[in-house]
Amino acid sequence: MNSYEVNFDGLIGPTHNYGGLSHGNVASKSNALKISQPKQAALQGLDKMQSNRLLGLQQGILLPQQRPHLPTLRSLGFSGSDKRIIEQVSNSAPELLASCYSASSMWTANACTVSPSADSADGKLHFTPANLSSMFHRSIEHRFTGKLLRSIFDNDQHFQHHDALPMGSHFGDEGAANHNRFAPSYTEQGVQLFVFGRYAFRENKLATAKFPSRQTYEASLAISRLHQLDQSKLVFAQQNPKIIDAGAFHNDVVSVSNLNTFFMHEEAFVDSQAMKAELQEKYGEQELHFVEVPTDMVSLESAVKSYLFNSQLLQLPNQEGMTLVLPEESRENQEVFNYLEWLKTQNTPIKHVIFVDVRQSMQNGGGPACLRLRVALNQVELDATNQEFILDDSKVAELKHWVERHYRDQISPEDLADPLLAQESFEALDQLTQIFKLGSFYEFQS
C-alpha cells in the first residue's frame, strides 16, 4: 500500500503582526512591535506549499484561527460590542489585545502530536492537540485546533482524536515540535522520540538559566499512553538546557528527522550518545543515520539565527537521497552555507538543499518546519481525509486570490486598536469557510 508523509502547513492569518509575545524566541523578541506584512506573509506560505507540491509531494493545509479572539477577552471581564471591547482593551490592557490578535496558529508544528496507525495498538491514527500552556497567546488555540482536526480527519474507523492535556505547567505540551519518528517507511511501525525540557514531578538537576523549558516529560509520557504506543518503541530524551537558553525554545530549532535519518546539532541533547544508542537498539537491525553538526562548524548562535535545523527533511519521489528545504536565512549565513556545501559532499542520506523565502514567518520566530505538521498516512487514510484540505493547483490559486482581496499590506502595533481590522479579519475568515465548504465554523459566525 502506498504511504505518504503529508505536510499540513498553516495558512497565515490576516492579523499577522509582530507582537514579540514569545519569551525565549529570539526572533520574536528582536522584531517586536515592528511593522508586519500580512499579505506577503500569507503568499510566502502558500508559495512554499505549492513548491512542495511541485516536488511531487502531497500537501495539506490548516486554517488560521479567529483573531482577534474576542471570546477570550469577554471571559476576562470585558463587555459590550466588538468595537467597544477593542477600545477598552487597547486603552487598559494592550498586551491582552496583542495576545488575542496573534496569528501564531500558523506554526502548525505546535498544533498537535500525531502518531501513525502503524504505531498505535488500535491501528488508528491518533491526534492530541497541544495545550501550549506556557504562553497565554497560544494557550487559547487548542480548542479550535481540535475542532479543525476533527473536521479534516472525520472518520472514526481510521482516526482517533483526543482532547488537549490538562492546562498548567505540569503537563506543558508544545506538540510535534518536540517529537520525531523513525521508520523504514511512513506506514511501517517505527520508533517515536519524545523530547522534553524538564521534569514536572521530580527534581530537575539540569535546568535552564535564562528561558523557560516548555515541554515536560510528564506531558510526553501522557501522550504516549493516549496514543496506545508500544513502550518498547519509545525513547524519551531531554533537550540540553544550554540550547534552550541559546534560543532553541523547541527541539525542532536544533533537530529534524525523516524516515531513518536524524539531522541535529551535536549539543541538542543532554546525552546524545545514550539517546542514539537507545534509538538504534529499539529501531532494530537496520541502520539509523545520525547527521550531527559540530559546534566548530556551526555555532549555536548561527544555528538559531539561520534556523538551519528548522528545515523540512523530505524524501522526494523518484529522487535518490533526501532534500533539506531551508529558509533563505540559511543561505545568507556564511557559516551555515559553508556547512551545507560541505554536507552535500559527504556520505549521508542528505543529498540536496532547497531555499525558500518565508521571511515574514522567520521574523516572527518560525521557519519552514514550524509552518508544517507532518501526518503519515497510508492510501486508505489519505482517501478518508477531507479532500478540501489537500491542495491542488486550483485551490492554491483560489487562496492566493482570497489573500490578495482581504489582507492588508502592512500592520503596525497601533493598527490592533482599529476595530476595522477585526471586521476585515472576520469577513476574510467568513469567505474562507465558504472556500473549504465548512459552513458556520468560527465562533463569530454562530
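The structure holds 23 aromatic pairs. Here a pair means rings of Phe, Tyr or Trp (its six-membered ring) with centres within 6.5 Å; planes under 30 degrees apart count as stacked, over 60 as edge-to-face and the rest as tilted. This is a predicted model, where local features need pLDDT of at least 70 and side-chain atom pairs count only at pLDDT 80 or more, while totals for chains, interfaces and linings use all residues. Residues are numbered from 1 along each chain as its sequence is written, and side-chain values use heavy atoms, with hydrogens and water left out.

I will start with two of the pairs. F144 and Y442 are stacked, at 5.2 Å centre to centre and 10 degrees between the planes. Helices (H or I, at least four residues) and strands (E, at least two) are DSSP runs, numbered from the N terminus. Both F144 and Y442 are buried. Buried means under 20% relative accessible area, exposed means over 50%, and partly exposed is in between (1.4 Å probe, protein chains only).

The other pair is F337 with F355, which is tilted: 6.4 Å centre to centre, 40 degrees between the planes. F337 belongs to helix α13 (residues 334-343) and F355 to strand β14 (residues 350-356), 18 residues apart. F337 is partly exposed because its relative accessible area is 24%, whereas F355, at 16%, is buried.

Back to F144. Together with F426, F441, Y442 and F444, F144 forms one aromatic cluster. K147 lies over the face of F441, 4.5 Å from the ring centre. The cut-off for a charge over a ring is NZ of Lys or CZ of Arg within 6 Å of the ring centre and within 35 degrees of the ring normal. K276 is also placed this way, with its charged end over the ring of F290, 5.9 Å from the centre.

Next, the sheet. Which helix lies across β3, β4 and β5? Helix α7 (residues 142-152) does, running at about 160 degrees to β4. Axes are lines fitted to C-alpha atoms, for helices over the stretch in contact, and angles run from 0 to 180 degrees between N-to-C directions. The three strands make an open sheet in the order β3-β4-β5, with mixed pairing. β3 (112-115) and β5 (159-161) stand at the edges with a single partner strand each, so one side of each has no neighbour in the sheet. Two strands pair if DSSP finds at least two bridges between them. β4 and β5 pair in the parallel sense over three bridges, and the bridge partner of L125 in β5 is F159.

Is T128 buried or exposed? T128 counts as buried because its relative accessible area is 0%. Its side chain makes a polar contact with the side chain of H227, at 2.8 Å. A polar contact is a pair of N or O atoms within 3.5 Å; within protein, one must be able to donate a hydrogen and the other to accept it, and residues adjacent in sequence count only if both atoms are side-chain atoms. Leaving aside neighbours within four places in sequence, T128 is in contact (heavy atoms within 4.5 Å) with residues including C112, H162 and L226.
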